[in-house]
Amino acid sequence: MNSSKSPGLAGFGVLKNTTCHTEKKISVFFSIIFMTVGILSNSLAIVILMKAYQRFRQKSKASFLLLASGLVVTDLFGHLINGAIAVFVYASDKDWIRFNQSNILCSVFGICMVFFGLCPLFLGSVMAVERCIGVTKPIFHSTKMTSRHVKMMLTMVCLFAVLIALLPILRFRAYQIQASRTWCFYKTEHIEDWEDRFYLLLFSCLGFLALAISFLCNAVTGITLLRVKFKSQQRQGRSHHFEMIIQLLAIMCVSCICWSPFLVTMARIGIDEGGSKETCETILFALRMATWNQILDPWVYILLRKAVLKNLYKITSGCCGVHVINLHMWELSSIKNSLKVAAISESPVSSKQINLQPLSSLGQ
């Protein structure tokens, strides 16, 4: 009896000798605040992105808005599902043995933690790749990156994240209740075989790979846009590219800052063969940092828009007593002309009219 493990109680091994003590009031406060702020901010971002998608029917921006909407929707459901389970655990005094005898809730919690952790990182890298193709290969992007293809990419990313999350269940490895008894994840204590290390290292490597792809693609996109801007005097049709690359850079910075502690912690636990030296408080801090990524992501789309940035610039200049000299001229010449030319360049009828203008002028 002592050598065998019941599948239903497989996740309770960490509850026997836990030394992690957390303040219940503070932990409940963190969970409720994170869930509420995350749901409200992601809902607001979804409304803004849907209105932008209906307003701008440009192919170059429609695919980006679809991917951004998928990212925000994933963050919303992540806060809703994980936050609801966490609040339920706290409300039940973290008595897992009473409400989780078959270990189903812990398995669901662990699957959701892995899926809603990796999926936003994957979507951020896909968005960076999409923008890199749109800037460096515009013809290929306009012909191949249709809404149908973007939806297929979203589906493939979600299915891949689901596969990674279900991998321990398919291998008959239960998700483990962590030392704080507030969440479930891969086994992080008393690791005995290579498979438990493999899951931790796989999660960390995939997260770092997504961040690296985002950094590389955003760097290529930014350098390409700057080269075009400095080489050519025509800035027409490029304003929406700069807006999207600023948003992508912000998403990448937020993801790196928020997810690096958790990814590094999981990688160190997986590599350390002499036993994990990470304390429960360190792991909880890294987890809360990662949770902030899903809260800050939607504010990138709420705040980093041209209309908001222009108003903030005016307010800041007015408060500092600085007279805005070139802002009005920049608004008229850069924004309006770039949007007009972008709309003309993507309209087949207008492009034919532009090509016929030299012939008409010769006739005159």
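Of the 364 residues in the chain, 45% are buried, where buried means under 20% relative accessible area, exposed over 50% and partly exposed in between (1.4 Å probe, protein chains only). This is a predicted model, so local features need pLDDT of at least 70 and side-chain atom pairs count only at pLDDT 80 or more, while totals for chains, interfaces and linings use all residues. Residues are numbered from 1 along each chain as its sequence is written, and side-chain values use heavy atoms, with hydrogens and water left out.

**Overall layout**

- The chain has 12 helices and two strands; helices (H or I, at least four residues) and strands (E, at least two) are DSSP runs, numbered from the N terminus.
- Reading from the N terminus, the order is α-α-α-α-α-α-β-β-α-α-α-α-α-α.
- Among contacts with a separation of 6 or more, 79% link residues 24 or more positions apart; a contact here is heavy atoms within 4.5 Å.

**The nonpolar core**

- The largest nonpolar core holds 74 residues, and Val-114, Met-127, Trp-183, Phe-185, Tyr-186, Phe-203 and Phe-262 have the most contacts inside it. Such a core is a set of buried Ala, Val, Leu, Ile, Met, Phe, Trp, Tyr and Cys residues joined through side-chain atoms within 4.5 Å.
- Elements that each supply at least two residues of this core include α1 (24–55), α2 (59–91), α4 (104–136) and β2 (184–185).
- The biggest giver is α4, with 15 residues.
- Not counting residues up to four places away in sequence, Met-127 touches Phe-64, Leu-67, Ala-68, Leu-71, Leu-248, Ile-251 and Tyr-301.

**Cavities**

- Three cavities of 30 Å³ or more turn up. On a 1 Å grid over the protein atoms alone, a cavity is a set of points where a 1.4 Å probe fits but cannot get out, and lining residues have an atom within 4 Å of a point.
- The largest cavity has about 480 Å³ of space; grid points are joined across faces, edges and corners, and a volume is the space filled by probe spheres set on the points.
- Its lining takes in 27 residues, with Phe-34, Asn-82, Met-113, Leu-287 and Thr-291 nearest the centre of the largest cavity.
- That lining splits into 16 nonpolar, 10 polar and one charged. Ala, Val, Leu, Ile, Met, Phe, Trp, Tyr, Cys and Pro count as nonpolar, Asp, Glu, Lys and Arg as charged, and the others, Gly among them, as polar.
- α1, α2, α4, α8 and α9 each supply at least two residues of the lining of the largest cavity.
- The second largest cavity comes to about 100 Å³, and of its 13 lining residues the closest to the centre are Gly-124, Ser-214, Ile-251, Met-252 and Ser-255.
- Six nonpolar, six polar and one charged residues make up the lining of the second largest cavity.

**Residues to look at**

- Leu-66 sits in helix α2 and counts as buried because its relative accessibility is 14%.
- Leaving aside neighbours within four places in sequence, Leu-66 is in contact with Tyr-53, Ser-147, Val-150 and Leu-154.
- Asp-93, in the loop between α2 and α3 (96–99), has a positive phi of about 60° although it is not a glycine.
- Asn-103, in the loop between α3 and α4, is another non-glycine with a positive phi, near 65°.
- Asn-103 is buried, at a relative accessible area of 3%.

Notes. On a 1 Å grid over the protein atoms alone, a cavity is a set of points where a 1.4 Å probe fits but cannot get out, and a pocket is an open set with protein on both sides within 12 Å along at least five of seven lines; lining residues have an atom within 4 Å of a point.
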